[in-house]
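Hi,

Here is the structure I said I would pass on.

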Amino acid sequence: MEPDALAGRGYLMGRAERIRRHLRKYLQRAVVGAISGVAVLAGFLSAAEVTWPLHVYLLLTLGAVGLCLPGLALLEPGPRHVLVGRVLRRGRPSAARLDGSPPLPPLPPLPLVAAAPVAPVLATACDDPVYLAGLRSLLPPSRPMIVVPSGLSDVSRPEELLWPLFEHRLSRSHLRVDLRDFGIPLAPYVVERELSGGNGSAQQLLPVRDLTFTTRLATALVAGSDQPVPDLTPEHCADPVQLARHDVVVVGGPDTNFWHAVLFEPLHREFAFPASSVPLAFGMRRERDGGVPVYGNTIASVLSADGDGEPRHASTAAFGHVLQPTYGMILACRNPLAAALGLSRWCVFVAGTTSLGTAGAVLALSRLLGRLSADPDANVATVVPTAHPRVRAQVSAVLCRVTEVEQSQVRSNGRVIPRQRRRLPGEGPVPSEFDDFWLPTGCEILDRSAAEPRWRPV
């Protein structure tokens, strides 16, 4: 087997972290269940005129807690039973690299912005070192692959796909994902995608514009190293095992890229069960009745902080393709499929509410990586509120927007309009005239490090 140059990465949870997460998730319910069971037993014994010493009931309660802890995880749906099965068998992977070279240095988390003790926040944060380390974690050494959207005309025999990528193209697709069929030990989950094939929006139906700056992004991912420039992989040519063994960049939102929803859902569950004190900054996910996750480009959620100064409280704002058609998001985290296989890989979601926003997000990420490669002391992160009202965290996420586009030559009313650049408003609808012929040339990112957020050019 080819030596794995990334074997020294330490993205996975160690034994102590797995035990801590398990206890935090189930200990309270296990204690309540154990006390209730022992109380019922005491009631029956009292009715039978049988009396036991108090220490016996205490020992029974402790034993019942020990039995309930693994039992609760096995009864609930989701990936928690996988963690329970391995919690006492697998620790943190060895730092030694298989090729004999020195180990890769661990990713240091960015400092918290705090006016209060940070220990409670750190103790209950999801153990995702990529998310807490800033975008500098994406620099080489790496093994990147860029997954780009496919068109319906790219697949002549859709029945041969692993999953129905283009099912119900005019409305919404309902999909049950079971990765155990591919040797990836994650419990099955359900996702729904709001597909854009029938909404008549040209901004939603131009995924080819998503690819405009992907070659520039591919070059930026390996800048300063001797690694080969990664190829672009169409979504219908990717498979779960391939994604699990690579660092992955998913270009496009869930409307246009199937893998966005499939990779984001297990990531969301890592942060939601148990609830992380440092939440995910962005997402194109919502839940309908019954808790079924629905993914779509048209509405994206952004974690924000209300108020000027401290304390700051978390809230969720939304931006959409009508009022914010130039917006995009960049979110870097640990690859959840790789983590299930015991591999340390990262995953980046690059998506916009429209095709123009996605192209702008790809352009912004390529420029940011170029800046990080040139400056060894630089990093890029977004400040988000945490579960503690006076503590904020820096995470690997960027909100961006397109501010300038270049319009190609077009014909209107019998005359040719020359190529030109146009400034776009930061908020509100953009002019729809000739918007099919726009390519981003300028973009901004939202800087939330100060009390008042501000947009800065990239």
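The side chains of Arg421 and Glu406 pair up in a salt bridge, with 3.3 Å from N to O. Arg421 belongs to strand 19 and Glu406 to strand 16, so this pair ties together parts of the chain that are 15 residues apart in sequence. Before going on, please keep in mind that this is a predicted model.

Glu406, at 23%, is partly exposed.

Asp447 is buried, with a relative accessible area of 19%, while Arg456 counts as partly exposed at 38%. Back at the strand pair, which residues end up in one network? Glu404, Glu406, Arg419 and Arg421 are joined through salt bridges that share partners. In total, the structure holds 13 salt bridges.

Now to the helices. What is the arrangement of helix 5 and helix 9? Helix 5 covers residues 214–221 and helix 9 covers residues 355–374; their axes come within 9 Å and cross at roughly 25 degrees. Angles under 35 degrees count as roughly parallel, so that is how helix 5 and helix 9 run relative to each other. The crossing of helix 5 past helix 9 is left-handed.

If you want to display the contact, select Thr214, Arg216, Leu217, Ala220 and Leu221 on the helix 5 side. On the helix 9 side, they meet Val362, Leu363, Leu365, Ser366, Arg367, Leu369 and Ser373. Sorted by class, the contact of helix 5 with helix 9 has seven nonpolar residues, three polar and two charged.

A few backbone details as well. Which peptide bonds did I flag as cis? One joins Pro140 and Pro141, with omega about 5 degrees. Pro141 is placed in the loop between helix 4 (119–123) and strand 2 (144–148). Another runs from Phe273 to Pro274, with omega near -5 degrees, and Pro274 is found in the loop between helix 7 (258–272) and strand 7 (282–283).

Then there are two residues to check for phi. Glu49 has phi near 60 degrees, a positive value in a residue other than glycine. Glu49 lies in the loop between helix 1 (15–47) and helix 2 (54–75). Is Glu49 buried or exposed? With 73% relative accessibility, Glu49 counts as exposed.

Asn413 also has a positive phi without being glycine, near 55 degrees. Its loop is the one between strand 17 (410–412) and strand 18 (415–417), and at 79% relative accessibility Asn413 counts as exposed.

That's what I have for now.

Cheers

Conventions: Residues are numbered from 1 along each chain as its sequence is written. This is a predicted model: local features need pLDDT of at least 70, side-chain atom pairs count only at pLDDT 80 or more; totals for chains, interfaces and linings use all residues. Side-chain values use heavy atoms; hydrogens and water are left out. Axes are lines fitted to C-alpha atoms, for helices over the stretch in contact, and angles run from 0 to 180 degrees between N-to-C directions. Helices (H or I, at least four residues) and strands (E, at least two) are DSSP runs, numbered from the N terminus. Angles under 35 degrees count as roughly parallel, over 145 as roughly antiparallel, 65 to 115 as roughly perpendicular and the rest as oblique. A crossing is left-handed if the near helix is turned anticlockwise from the far one by less than a right angle, and right-handed if clockwise. Contact means heavy atoms within 4.5 Å. Ala, Val, Leu, Ile, Met, Phe, Trp, Tyr, Cys and Pro count as nonpolar, Asp, Glu, Lys and Arg as charged, and the others, Gly among them, as polar. A salt bridge is a side-chain nitrogen of Lys or Arg within 4 Å of a carboxyl oxygen of Asp or Glu. Buried means under 20% relative accessible area, exposed over 50%, partly exposed in between (1.4 Å probe, protein chains only).
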